Amino acid sequence: MANSSSSHAAPQVTSQPHRAEILDNPLQTYLLGIIISICGNILISISLNIQKYAHVRQSQRGSKPYYTSVMWWCGVALMGVGELGNFAAYGFAPASLIAPLGCVSVIASAVISVVFLKERVRPSDIVGGTLAITGTYVLVTFAPHTSTHITAHLVQYYAVSWHFLLYLFLEIVVFCILLYVYKRRNVKHIIIVMLLVALLASQTVISVKAVSGMITESIKGQLQLIYPIFYVMLVVMIATCAFQIKFLNQAMKMFDATEVVPINFVFFTASAIVAGIVFYQEFEGLALLNIFMFLFGCLLSFLGVFLIARNRPKIKQQDANFLAMDKIPRRGHTDKVQPEATTYGSLAAKLMCNRAGQTDDS
């Protein structure tokens, strides 16, 4: 059907010993990776809405902090299971396919928020959901259907290849330039912050797939955890994830979530696809039609996520015990002071709501 590379896989196995581990292609393993990734993303969307509901309920009660809620911890546990599923999926399917499936989380989150949190359905939600679902189907259909066996020797072989070393060098140079502009020149533009996250994400995807694949092979009986490259990739995975979270938190503080979510999804997906192509050579032997349709599916998913996240209403609850400053009686209160007091009172209310909104987004 979509992949002409499958029929040409066998002749390459005997010619290069390193590639003998790459091109084994069971369809069941490929589909398993897709199913695990979709289930993981759905669990993540459910967990985010559970945490959001717990935040809203705690703010309405105005009693204990949100982290004392059993429901909030259930949401955290579900998120851990979902992220673990996404981690495992990289061991069964190409990274260039798993990353775009993140749009499933956005679609499911929109549906859950409408059904359970009673948010209003907008026309852009319907159009965006349709585009995202269509794009997901297209990219799954035309993605490379290879099931890569990730071993320590294979990761070492890829890590010293000239095209990856060139890619890594260019990435480091661009990252240093962006970091200089962001920190030293104090240019706080959303594109700069999201590019920093995306450059880190490309290395995260490479290391996550390597660690997940080597663990998978170890479970199957071929122990890979004794090789130093496993722990090198593990350190890279942890470090890049930590710095991604740092820059994402800074972006969420400076910009609205309706801007951060779609831009981060587009940049992360693009960086993951490039990482899969450069490091794992996932598009090697893929027909031109497949490449075009895969990118077209990604474009549809990007548009769908943008429409769903655009101008998304936020549930902001003001503390019931909060008393606006303009309602506080003061001695010597005059009509001239009234507008100023009202301004400070509304400003305080806005700050309270913004703080609650940032907590909900987290």
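One definition to start: buried means under 20% relative accessible area, exposed means over 50%, and partly exposed is in between, with a 1.4 Å probe and protein chains only. Take Leu 234 on that scale. Leu 234 is partly exposed, because its relative accessible area is 26%.

Now the ground rules. This is a predicted model, where local features need pLDDT of at least 70, side-chain atom pairs count only at pLDDT 80 or more, and totals for chains, interfaces and linings use all residues. Residues are numbered from 1 along each chain as its sequence is written, and side-chain values use heavy atoms, with hydrogens and water left out.

Confidence next. pLDDT is the predictor's confidence in each residue, from 0 to 100. The protein chain has a mean of 80, and 78% of its residues reach 70 or more. Where is confidence lowest, and where is it highest? The lowest is in helix α1, residues 10–13, with a mean of 39. The highest is in helix α8, residues 162–183, at 96. Two stretches deserve a flag. Over residues 19–25 the pLDDT is below 50, and the model gives this stretch 21 contacts beyond near neighbours in sequence. Residues 315–328 also stay under 50. They have 28 contacts beyond four places in sequence. Contact here means heavy atoms within 4.5 Å.

Overall fold. The protein chain has 13 helices and 0 strands. Both come from DSSP runs, numbered from the N terminus: helices are H or I with at least four residues, strands are E with at least two. Buried residues account for 46% of the 362 residues. Take contacts between residues at least 6 apart in sequence: 83% of them join residues at least 24 apart.

Some individual positions. Back to Leu 234, which sits in helix α10, residues 228–254.

Ala 95 is in helix α4, residues 95–98. Is Ala 95 buried or exposed? It counts as buried, because its relative accessibility is 0%. Ala 95 and Val 205 are 110 residues apart in sequence, yet 7.0 Å apart in space, C-alpha to C-alpha. Beyond four places in sequence, the contacts of Ala 95 include Tyr 90, Val 205, Lys 209 and Glu 282.

Ser 37 belongs to helix α2, residues 27–61. Ser 37 has 0% relative accessibility, so it is buried too. Leaving aside neighbours within four places, it touches Asn 86, Ala 89, Ile 98 and Leu 101.

Helix α5, residues 103–115, packs with helix α12, residues 288–309, at about 30°, with axes 10 Å apart. Axes are lines fitted to C-alpha atoms, for helices over the stretch in contact, and angles run from 0 to 180 degrees between N-to-C directions. Which residues of α5 and α12 make the contact? From α5, Cys 103, Val 106, Ile 107 and Ala 110. From α12, Ser 301, Val 305 and Ile 308.

Last, cysteines. How many disulfides does a search of the whole structure find? The count is 0, where a disulfide is a pair of cysteine sulfur atoms within 2.5 Å. Cys 39 is partly exposed, because its relative accessible area is 41%. Cys 176 is partly exposed as well, at 45%.
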